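Subject: A structure for you to explore

Hello,

Here is the structure I promised to pass on to you. Have a look at it first, and then read my notes below.

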Amino acid sequence: MSAVPAAPHPASADGSESVEQRYNLLLHPPRPRSGWQVVPARVTAMCVVELRKLRHDRAELYTRAVQPALWLLIFGQTFSRIKAIPTGDVPYVDYLAPGIIAQSAMFIAIFYGIMIIWERDSGVLTKLLVTPTPRAALVAGKAFAAGVKAVIQGAVVVVIAALMGVALTWNPLRLLAAAVVVVLGSAFFSCLSMTIAAVVLTRDRLMGIGQAITMPLFFASNALYPVVLMPGWLQAVSKANPLSYQVDALRGLLIGTPAHLAADCGVLVLAALVGITAAAALLGRLAR
Amino acid sequence: MSAEGGTGGVAAVRCTGLTYAFGRTRAVDGVDLRVEQGEVFGLLGPNGAGKTTTLRSITTLLPVPPGVIEIFGRDAARRKMAVRRLLGYVPQQLSADGALTGRENVDLFARVFDVPRRERHERVEQALAAVGLAGAADRLAATYSGGMVRLLELAQALVSAPRLLVLDEPTIGLDPIARGNVWERIAGIRAATGMTVLVTTHSMEEADQRCDRLALLHRGRVRALGTPGELKDGLVAHQGEGSPPPSLEDVFRHVAGGELDGPGDQREDQRGEFGDVRRTRRTASRVG
């Protein structure tokens, strides 16, 4: 498009020359980015916002660390002692740690839709929807911002697990790959949450649905126990559950168990794309 | 009646037969409107008159068919992104993010409007200075007064050098001093940039004092259009000399006929009005 600068009004009360000097940049619209650059630019913008919010208020980071710590400390330690879950040569708490990282990331992402509803009620979303941001780019930005938050949460769980003596890898490439896996999983679950938000439109309903689906998603995955221990029908559910692929990849990367990294990442990328498409298609409901 | 003004050339906003319905209720019912470049144009009317729906259609938030709305000659249905680059939008709700500082709030909008990194900082500073918030830029927006939040929202809208500033009830809930301050900033910005301002209000006094031209909306239709002086003169001509000087409220009562107070005003579906009132009260409550 042709970006036409707003014409300065000749009759400025302050004297047009000095006003033009002081506000010269506000007279010329920025040059639009070309097509392919838009999505990464919007994703970066949303991730920067998320990081800035975390910098201003870390309380959420600390309070959210309590639950995964309890899972590792109480559930992990107890089941390590009673040896009820066969995990081969891997101590149970080691086996559990990647599952808890995935779980805490999912918990953050699955309630991300509440933020979208808050942003809608407060006008923030409305304003973003009037910017030159395609809805898919806006949703992708929000999804990856949820991923950034989840990665920071995951890092906290990694530290807790390391303090408990879990033998996690410290290979930077593997840790980086684990972060990518967490981002992809969170992108899917946050999009699922935004999709539900666009359907139910209220925080209360979304809270109810979020609470109703988080535990089934968690228990119907390989986060706590190997899939082979599950009954057949639950194994089928687990195969359709993106959390299982996230946990499988994290286990392979962080504690070196056999994993199907390519398939896991493929499923997570596909799930994230489907989630972004669905949430972007329904985002208009939140604008009305 | 037709609300086409028209002084030739490309209009800042042109609506032709704009109609929008929520369910069975037509919130906007055949609005024809032409806003000239550089003017402050007010959409005036009570809750549920169709002001916000008209504004949301103009800002591309609500889907409209091609050919109905043009912004500086660009079709709002076919060239959404191009239209959005011309807009600076301040919704009715207090839409600044309280978890970010003033500077970060403006920076977000610089990013989503593709302001390049090399000029982003300076542009954000200029936008903050233009609304008088440079000194409070590093405080969290949650600590701002209602008037300051409105000014911050203006800075967010200004940072992309829009040609059309769209303000939905910009002074709702503010005390008279903050109200005057917001309007003075809007006037100053308009003088410095020559931008067009489209504003909704249900304050007859503000519309009288601050707008170059007005459209009086009632039940989704434009009932009168002109400068405040023309509208009042029209009523004097109708009532005859010797009657007390009319206010805009008198004009409004005249053009709305008995529909303002009578039982006929109770519409079957009150969705638009209810939504308006809820939004208004929420904003007023946040402003304090």
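In chain B, B:Cys15 has B:Leu33 as its bridge partner, and B:Leu33 sits in strand E2(B). Before going further, please keep in mind that this is a predicted model. That bridge brings us to a pair of strands: strand E1 of chain B, residues 13-22, and E2(B) run antiparallel to each other, with eight bridges between them.

How many strands form the open sheet that has E2 and E1 in its order? There are four, arranged as E2-E1-E4-E5 in chain B, and their pairing is antiparallel. At the edges you will find strand E2 (25-35) and strand E5 (74-75) of chain B, each of which pairs on one side only.

Now zoom out to the domains of chain B. The chain is divided into domain 1 (1-84), domain 2 (93-165 + 174-198) and domain 3 (229-288).

Chain A has another make-up: it holds 12 helices and zero strands. Its C-alpha atoms fill a box of roughly 85 × 35 × 35 Å along the principal axes. Of the 288 residues in chain A, 44% are buried. If you take the contacts in chain A between residues at least 6 apart in sequence, 78% of them join residues at least 24 apart.

Some of what we can say about chain A comes from a record. In an unreviewed entry, UniProt annotates residues 59-286 of chain A as "domain: ABC transmembrane type-2". In the model, residues 59-286 of chain A are 80% helix and 0% strand, with the end C-alpha atoms 29 Å apart. UniProt also lists "transmembrane region" for several spans of chain A (unreviewed entry), including residues 176-201 and 213-234. Residues 176-201 of chain A are 96% helix and 0% strand, and their end C-alpha atoms lie 36 Å apart.

A:Gln77 is located in helix H3 of chain A, which spans residues 59-82. Is A:Gln77 buried or partly exposed? A:Gln77 is partly exposed, because 13 other C-beta atoms lie within 10 Å, while a buried residue would need 20 or more. From A:Gln77 to A:Ala162 is 85 residues in sequence and 14 Å in space, C-alpha to C-alpha.

Finally, see how the two chains meet. Here 44 residues of chain A are in contact with 44 residues of chain B. On the chain A side, the elements giving two or more residues are helix H1 (16-22), helix H2 (35-56) and helix H6 (124-129). The largest share, seven residues, comes from H2(A). By class, this side of chain A has 26 nonpolar, nine polar and nine charged residues.

Enjoy exploring!

Best wishes

Conventions:
Residues numbered from 1 in each chain as written. Chains lettered and ligands numbered in written order. Predicted model: local features only at pLDDT ≥ 70, side-chain atom pairs only at ≥ 80, totals over all residues. UniProt positions renumbered as here; feature names shortened; annotations may be inferred. Pairing = 2+ DSSP bridges. Contact = placed C-beta atoms within 7 Å. Nonpolar A, V, L, I, M, F, W, Y, C, P; charged D, E, K, R; others polar. Buried ≥ 20, exposed ≤ 12 C-beta atoms within 10 Å, placed from the backbone. Domains from an automatic or database assignment.
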